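Here are a few exercises to work through with the model open beside you. Try each task before you read its solution.

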Amino acid sequence: MGFHVNRRGGVADGDRVLVIGGGPIGLIVGLVARANGAAVAFSEINPARIEQAASFGFADAINPAVEDAQARADELTGGEGFDVVIEVSASQAGLRFATAACRIRGTVVFVGFPGSIPQVNVLQAIFKELTLVGSRVYTFDDFQKTMKLLENLSADSQVDLDKLISDVCPVEQLENSIRRMKEGKSNGKILIAF
């Protein structure tokens, strides 16, 4: 999915990319963006997820729960905004921030699935001439390229992909694992053993 999301956003070498949401999907999206040559920052309110992103070498983080997110975005981009903003959190606040943090004629990629019909600041999209893109599925070609990219990332001693997995549990504990995930007690992918 991370490869497809970056492709949908047109992420290129030298781009400044903001990933809103530092969970497992957001981290994968960020890793792919960085592999494409982008400078990647994260927006995340969960301190454990900010630490996890930092453990993958992502030093730039915006925590809207404790700082002025727009001021921090301006600081990171010299007031220009991010070239590509990838919204993975599916939160209303994240959706609002996505259009605000994006540069004029930049691209916002919507990935997260909101629980209800969200509000997006259409005026910012109009005035900034933003490109708004959805990303949900991926092609077989995307899958093959992702597998090659994962091999390359695994060979990089700075990227330990095993850190994306937070729990491995037997299928009998599936309900408990889902509850832990919803409560925010699991910051990575949960693998189910059969």
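**Exercise 1. In which helix does Met 147 lie?**

Before you start: this is a predicted model, where local features need pLDDT of at least 70, side-chain atom pairs count only at pLDDT 80 or more, and totals for chains, interfaces and linings use all residues. Residues are numbered from 1 along each chain as its sequence is written, and side-chain values use heavy atoms, with hydrogens and water left out.

Step 1. Met 147 lies in helix H7. Helices here are DSSP runs of H or I with at least four residues, strands are E runs of at least two, and both are numbered from the N terminus.

Step 2. Now check its cover. Met 147 counts as partly exposed because its relative accessibility is 38%; buried means under 20%, exposed over 50%, and partly exposed in between, with a 1.4 Å probe and protein chains only.

**Exercise 2. Find the nonpolar surface patch and say which helix gives the largest share.**

Step 1. Collect the members: Met 1, Ile 25, Tyr 138, Phe 140, Phe 143, Met 147 and Leu 150 make a patch of about 640 Å². Patch residues have over 30% relative accessible area and no salt bridge; nonpolar side chains (Val, Leu, Ile, Met, Phe, Trp, Tyr) are joined within 5 Å, like charges within 9 Å. A salt bridge would be a side-chain nitrogen of Lys or Arg within 4 Å of a carboxyl oxygen of Asp or Glu. Areas come from the Shrake-Rupley method with a 1.4 Å probe, and for residues only the protein chains shown count as cover.

Step 2. Sort by element: helix H7 (residues 140–155) has the largest share, four residues.

Step 3. Tyr 138 sits in the loop between strand E6 (131–134) and H7, and is partly exposed because its relative accessibility is 46%.

**Exercise 3. Work out the strand order of the sheet.**

Step 1. Six strands make an open, parallel sheet in the order E3-E2-E1-E4-E5-E6. Strands pair if DSSP finds at least two bridges between them.

Step 2. E3 and E6 are the edges, each pairing on one side only.

Step 3. Count bridges: E1 (residues 16–20) and E2 share five, E1 and E4 share four, and E4 and E5 (residues 102–110) share five.

Step 4. Trace partners. Arg 16 is bridged to Ala 39 in E2. Val 19 stands opposite Ile 86 in E4, and Ile 86 has Val 109 as its bridge partner in E5.

Step 5. Look at cover on E4 (residues 82–87): six of its six residues are buried.

**Exercise 4. Locate the aromatic pair and describe its geometry.**

Step 1. The structure holds one aromatic pair. Phe 42 and Phe 58 form it edge-to-face, 5.0 Å centre to centre and 70° between the planes. Rings of Phe, Tyr and Trp (its six-membered ring) pair if their centres lie within 6.5 Å; planes under 30 degrees apart are stacked, over 60 edge-to-face, the rest tilted.

Step 2. The pair links distant parts of the chain, 16 residues apart: Phe 42 is in strand E2 (residues 39–43), Phe 58 in the loop between H3 and E3.

Step 3. Phe 42 is buried because its relative accessibility is 3%, and Phe 58 is buried because its value is 4%.
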